[in-house]
Amino acid sequence: MSVLLQHPGYADERLRLVTERLPCREAQARTMLALMGEPEQYSYPSIFIYGHRATGKSYVTQTLLKELELPHVVVSCVECVSAGLLFEQVLMTFFGSSSSASLPRSPSFSDFVRLYRQLCTQLPANQTRYIVLDKAELLRDMDANFLPGFLRLQELVDDNVTVIFLSEIVWDKFRPNTGCFEPLLLHFPNYSKVELQEILAQDCHPSYSPELYSSYINILLGVFYSVCRDLRELRHLAALNFVKFCEPLENGEAKEKDTHKLWRNIEPHLKRAMQTVYLREVSSVQWEQQQQTEERETADMRVLSAHDHVELPFYSKFLLIAAYLASYNPARTDRRFFLKHHGKIKKTNFLKKHEKTSNHLLGPKPFPLDRLLAIFYSVVDSRVAPTASVFSQDKRLLFSGGASISLPVVLSEPVSTQCLGSPTPDPQRTLPYLSALQRAHQVKVNPCEM
Amino acid sequence: TPRHATPSIPTRSLPARKPGNVLEEARARLHVSSVPESLPCREQEFQDIYSFVESKIIDGTGGCMYISGVPGTGKTATVHEVIRCLQHSSDQDEIPAFRFIEINGMKMTDPHQAYVQILQKLTDQKATADHAASLLEKRFSNPAPKRETTVLLVDELDLLWTRKQNVMYNLFDWPTRRHARLVVLAIANTMDLPERIMINRVASRLGLTRMSFQPYSFKQLQQIITSRLNRVKAFEEDALQLVSRKVAALSGDARRCLDICRRATEICEHSSSQPSDTGLVGMGHVMEALEEMFSSSYITAIRCASLQEQLFLRAVIAEFRRLGLEEATFQQVFVQHQALCRVEGLQPIGVSEGLAVCQRLGTCRLLLLEPSRLDMLLRVRLNVSQDDVLYALKED
């Protein structure tokens, strides 16, 4: 077990509790305690904590502040769509619920500072107050004076207050161009494999021995560690698949000692989980149901990506095919591919050098409506009259997101369309509501299917 | 609180100190805010404006005058003096009585506030901008037999510009009304302002009565200072000449000239050993004050920068030379910086430290940078000339 945290000013009993609750994060907790100092002492004005996803930034900070019973407020910047919400939350926590009533309707930073100073003279801090700003990268998109203001809040309000920023982004990308008060930087490194194992092994099942769970975690990490080091993700996967792991034990086919047998049983199952549950193609509920009902194989399940089959009318289908052909083929080759009597073609130098790279890599090209119809008529065998219904099909395809009108800059240019075979259409050329529609249900056109 | 209270500021508990010695006396006299009784070197301009306004008041008609000139050439002071003289002679019943109103474009949040201020000064009425405009319109277009002439001074005219220019249009249109009896004196900095920003109907109403104030020559500046000092012997003759020559060569701004003289008296006071025994302000003091006021602080900033910052500036110039452009990305400069570090025998620094160095130079405005969230692709430009940087770095 790890070394106990020790710091003057806090009871040893509490610190022992904190140590138990923060496995593998003793070093970081010790640094933070050292920065925070004793409760009455002034702490550093701003601390910037950064690290990868799920490295315990919020958890360590909140546990320390909560267990040591320090006055603190945790604000997630995602929730604060307006600055007023942020200020309100801070003032309410520190000075009681009625304090934020005197904030004006859309408060500026100076309103906040003024009110804070005013309330602070009535309720001076006898312990350091902490403001924890989670997802601090969103502060950069708020008003330009917010980040510099929070960095030197201690100086502005003249109170024992420390602002802790939590972010996944390094500090270099935060620094405003006009300069600011530099915070102390604290890095939370990733968990190593051993540490992950230690943390995951803590939540073992009560009806089985800890050793069994530990060996299960070992197998799980052996499969997943190369693709995923996210603690939350791994914990979720461990909880999902443990039932399957224990199946041979329940049926009496194996004992707890038969590690190899258990491994043989679970390994293909985990590999399948990586392709389905991990990519969220199958929901967790579906996965659990499928484990219970056993008969159906995992591969038979209708995964999420298999749902993109759209039933289309006959002409729409051909229109879509024509649009796809038009946007991924150079117009030069149209005569060769679609005309019946196209005359002689020179075999040599048919493709110029720069066109030899696949057109699919470069994305779709825009095409005029005339070309779409020409290809459409040559693709469809029977005679199609250019009736209103064909054109309305065309429109409907547009609205279901199959192709989009690219906005011509000069209106005298002919309106040209573009087939959105690629998952990322050029956002500037797409009408905004169309792109929203595409996101809602995107029609994928797969070249192999045609 | 009373409804119509006069705004006031708190009074001092102790009266302001009287100047103790010659230098303090000189400093009080040289302050920009202490306007003298008569302005030297502006006699001709004074005469022109005086006769213009006087003739309009005597005739009971209206008119516009446009006064231009670079800052610090005594435009507003001359107009104020004209008004003072006219008021004096109207008190003695030499000319009919008139009213003087002053508005300043810089003191308004919005050009349309001009109407509100004019109305308030004319009639003590408060109204919204639209309402005030219509009230003024009515006042100036209807005949009133006992109306006295109004002289309106519009300072910083260029700030009253709006898209439709209706504020300017009204200001210059009212004097042309038959019963208005309004004289408008408009002041701005640029001589060709009517041609540049005004549409034709506004410019033609402004008319061709124009006057431009030339920058002061060094003799005039010297005369101004001498007349201000008024027999207080605080400066050497040569020192005054140096100040006026220097200022006249750059801008001819009288305010700048007075400021430098005040600073020179301060330097003189600090440099003498005993506060009671101070000599005259000499050449040395004036030179020091001129140095402080005119020298660029960029070179000092570069010389006082840390070693890595100086290296970074050197890397920027090296990269510019290599590319042949005046712009490079941080990544390119950083490669040069690391090479320079190795050449100098220093430990090469990391990317974060490099960015910190770069952004510190950006906060001093030695470099011009893009927002920091671009990190490696952030484009870097120099805000000072390359020669200045090289000159500053060459010294050590």
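The side chains of Arg263(B) and Glu266(B) meet in a salt bridge, 2.9 Å from N to O. A salt bridge is a side-chain nitrogen of Lys or Arg within 4 Å of a carboxyl oxygen of Asp or Glu.

Both residues sit in helix H11 (residues 254–271) of chain B, 3 residues apart, so about one helical turn separates Arg263(B) from Glu266(B). Helices (H or I, at least four residues) and strands (E, at least two) are DSSP runs, numbered from the N terminus. An α-helix has 3.6 residues a turn, so residues three or four places apart point the same way.

## How to read the values

This is a predicted model, in which local features need pLDDT of at least 70, side-chain atom pairs count only at pLDDT 80 or more, and totals for chains, interfaces and linings use all residues. Residues are numbered from 1 along each chain as its sequence is written, chains are lettered from A and ligands numbered from 1 in the order in which they are written, and side-chain values use heavy atoms, with hydrogens and water left out.

## Salt bridges in chain A and beyond

Over all chains, the rule gives a count of 32 salt bridges. Side chains of opposite charge can pair when their charged atoms come close. One of these pairs joins Asp111(A) and Arg114(A), at 3.2 Å from N to O. The two share helix H5 (residues 109–122) of chain A and are 3 residues apart, about one turn of the helix. Asp111(A) is buried, with a relative accessible area of 17%, whereas Arg114(A) is partly exposed at 43%.

Which parts of the chain does the salt bridge between Arg129(A) and Asp159(A) link? That bridge, 2.9 Å from N to O, links distant parts of the chain, 30 residues apart: Arg129(A) is in strand S3 (residues 129–134) of chain A, and Asp159(A) is in the loop between helix H7 (153–157) and strand S4 (161–167) of chain A. Arg129(A) is buried at 7% relative accessibility, and Asp159(A) is buried at 4%.

## A covered helix and a network in chain B

Helix H6 (residues 166–173) of chain B is mostly covered, with 7 of its 8 residues buried. Among the buried residues are Val167(B), Tyr169(B), Phe172(B) and Asp173(B). Asp173(B) also takes part in a network of salt bridges with Glu137(B), Arg177(B) and Arg205(B).

## Where the two chains meet

How many residues of chain B are in contact with chain A? There are 12, and they are in contact with 9 residues of chain A, where contact means heavy atoms within 4.5 Å. The area buried between the chains is about 920 Å², and carbon and sulfur atoms give 37% of that. Buried area is the accessible area (1.4 Å probe) that two parts lose on being put together, summed over both. In chain B, Thr363(B), Ser372(B) and Arg373(B) lose the most area to chain A, together 52% of what that side buries.

The rule finds 2 salt bridges across this interface. Lys173(A) and Asp375(B) meet through their side chains in a salt bridge at 3.7 Å, N to O. Helix H16 (residues 351–363) of chain B gives the most to the side of chain B that touches chain A, with 6 residues.

## Two positive phi values

Most residues other than glycine have a negative phi, and most peptide bonds are trans. Lys135(A) has a positive phi, near 55°. Lys135(A) lies in the loop between S3 and helix H6 (146–151) of chain A and is partly exposed, with a relative accessible area of 36%.

Arg365(B) also has a positive phi, near 65°. Its place is in the loop between H16 and strand S7 (367–369) of chain B, and Arg365(B) counts as partly exposed at 43% relative accessibility.

Definitions and conventions. Buried < 20%, exposed > 50% of the residue type's maximum accessible area, 1.4 Å probe, protein only.
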